[in-house]
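Here is a walk through the sheets, helix pairs and domains of one protein model. Have the structure open beside you as you read.

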Amino acid sequence: MLTCQKHLFSLPDEISYLNCAYMGPLPKKVEEAGLKGVSVKALPYQVVPEDFFQPVKQLKQLFSQLVDIADPERVAIIPSVSYGMANVVRNVKAEAGQNVVLVGEVFPSNYYAWRRLADEKKLEIRLVNAPTASKGRGAAWNEALLQAIDGQTVAASLPHVHWADGTRFDLAAVRQRTREVGALMVVDGTQSVGAMPFDVETLQPDALICAAYKWMLGPYSLGAAYYGSYFDDGSPVEESWMNRLHSENFQALVNYQPAYKPSANRYGMGESSQFIGVPMFATALEMVMGWGAENIQEYGRRLALPWLGELREMGCQIEDETFRGHHLIGVRLPEGVDLDRFKEKAIAEKVYLSFRGNAIRLSVHLYNEEKDFERLLKAFKASL
Ligand SMILES: Cc1ncc(COP(=O)(O)O)c(C=O)c1O
């Protein structure tokens, strides 16, 4: 059973950081890997051609291990979710009148990519909004999502848990439904991968796109994407020389090469070697895997459960455990809470969390401990 790991992070003792869904803190080891990466660039004569490729290869292997991808060649290094999605959308075959199914209030990096395709190809965007009733909300939302997928659906593009309120989507059910109708399933794993188990071999999404800087505790401007066989012959958003066959041979780079490296390699970002970011991301993945996503969930469950119970008793609404993760929890506040006062009190208690309308978003990780929730509850009670 995991214990609190705050000693592995630089977070000061008096800070209660309940906001990993906004930005994950770098573990000290990841920070060190980054500093080492900075030094590399100061002495470029030490950088050999292999350094452009080998660390990226290792990073792809680590990501494959994390989310159970049999072939690391199916992983591409990306700078952002919007980039990973642009590669997806650019290669989706669709005809006028078909539709794309998205969850309501999906993170914009997903929406805008599909919006462009929909405008170009005259597709319908089906935004499946959250039900208004609070009882059975998660179950009803999942049901509505399945109902929206039909014979005209090109793709369902969704997260594992909703970025704003933590609602969990049943990806296995969506996969089954999309298979029945011949649609793609594209997953944005940014708010779950690292802290929640994800298994590509079992779920078989057509694409999985993840930014590194939240639950994978990696650097900003880096991420990893899995592209399944649907995308094997597609065209990437940019043409990096690194993605061409035999690009390791620097002597022969101008013998222009028509062939890409296999599988998803064509979708990797230009300058993917990132001498600072890649070792940071790899170190972070080693740490995350050392803990295990299952154990991170269990830690969050154990820590948060009693406090969530107390919040419920004071009138807060929290999704049923079946339809949420234990790392990202949306809490709808009861009427009568003075939000400005709550924000003020949270700042005074040095509690960092996200406010959204009359709801808060709590992110729980291994650096969190009882006193973070004690401070949160203190700020909440003072705002009633
Ligand atoms: C679900 C989700 N996807 C993606 C992102 C980031 O997107 P991008 O990498 O395009 O900036 C966020 C950031 O909050 C997010 O919550």
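## Sheets, helix pairs and domains

Four strands line up as S9-S10-S13-S12 in an open, antiparallel sheet. S9 (317–318) and S12 (354–356) sit at its edges with a single partner strand each, so one side of each has no neighbour in the sheet. A quick word on names: helices (H or I, at least four residues) and strands (E, at least two) are DSSP runs, numbered from the N terminus. Strands pair if DSSP finds at least two bridges between them. S12 and S13 run antiparallel and are joined by three bridges, and Phe355 stands opposite Ile360 in S13.

Before going on, note that this is a predicted model: local features need pLDDT of at least 70, side-chain atom pairs count only at pLDDT 80 or more, and totals for chains, interfaces and linings use all residues. Residues are numbered from 1 along each chain as its sequence is written.

Now for the other sheet. Seven strands make up an open sheet with mixed pairing, in the order S2-S8-S7-S6-S5-S3-S4. Its edge strands are S2 (75–78) and S4 (124–128), each pairing on one side only. Neighbouring strands here are turned by 15° against each other on average, direction ignored. Inside the sheet, S6 (residues 184–188) and S7 (residues 207–211) pair in the parallel sense over three bridges, with Asp188 opposite Ile209 in S7.

Two helices pack on this sheet. H4 (residues 108–121) touches S3 (99–103), S4, S5 (153–159) and S6, and its direction makes about 165° with that of S3. H6 (residues 171–181) touches S5 and S6, at about 150° to the direction of S6. Axes are lines fitted to C-alpha atoms, for helices over the stretch in contact, and angles run from 0 to 180 degrees between N-to-C directions.

| Helix pair | Axes come within | Crossing angle |
|---|---|---|
| H2 (residues 49–67) and H8 (residues 277–291) | 10 Å | roughly 25° |
| H5 (residues 137–148) and H6 | 10 Å | roughly 15° |

H2 and H8 are therefore roughly parallel, a label for angles under 35 degrees. H2 passes H8 in a left-handed crossing, meaning the near helix is turned anticlockwise from the far one by less than a right angle (clockwise is right-handed). Among the H2 residues that meet H8 are Pro55, Leu59 and Phe63, and the H8 side includes Phe281, Leu285 and Met289. By class, the contact of H2 with H8 has 13 nonpolar, two polar and one charged residues. Here Ala, Val, Leu, Ile, Met, Phe, Trp, Tyr, Cys and Pro count as nonpolar, Asp, Glu, Lys and Arg as charged, and the others, Gly among them, as polar. Contact means C-beta atoms, placed from the backbone, within 7 Å.

H5 and H6 are roughly parallel too, but H5 passes H6 in a right-handed crossing. Asn142, Leu145 and Leu146 of H5 make the contact with Ala173, Val174 and Arg177 of H6.

So how does the chain divide? The domain assignment gives domain 1 (6–20 + 292–381) and domain 2 (39–290); such bounds come from an automatic or database assignment. Their centres, taken over C-alpha atoms, are 28 Å apart. In the contact, 21 residues of domain 1 face 19 residues of domain 2. H9 (293–313), S10 (328–332) and S13 (359–363) each supply at least two residues of the domain 1 side, and H9 gives the most, with four.

Conventions
Angles under 35 degrees count as roughly parallel, over 145 as roughly antiparallel, 65 to 115 as roughly perpendicular and the rest as oblique.
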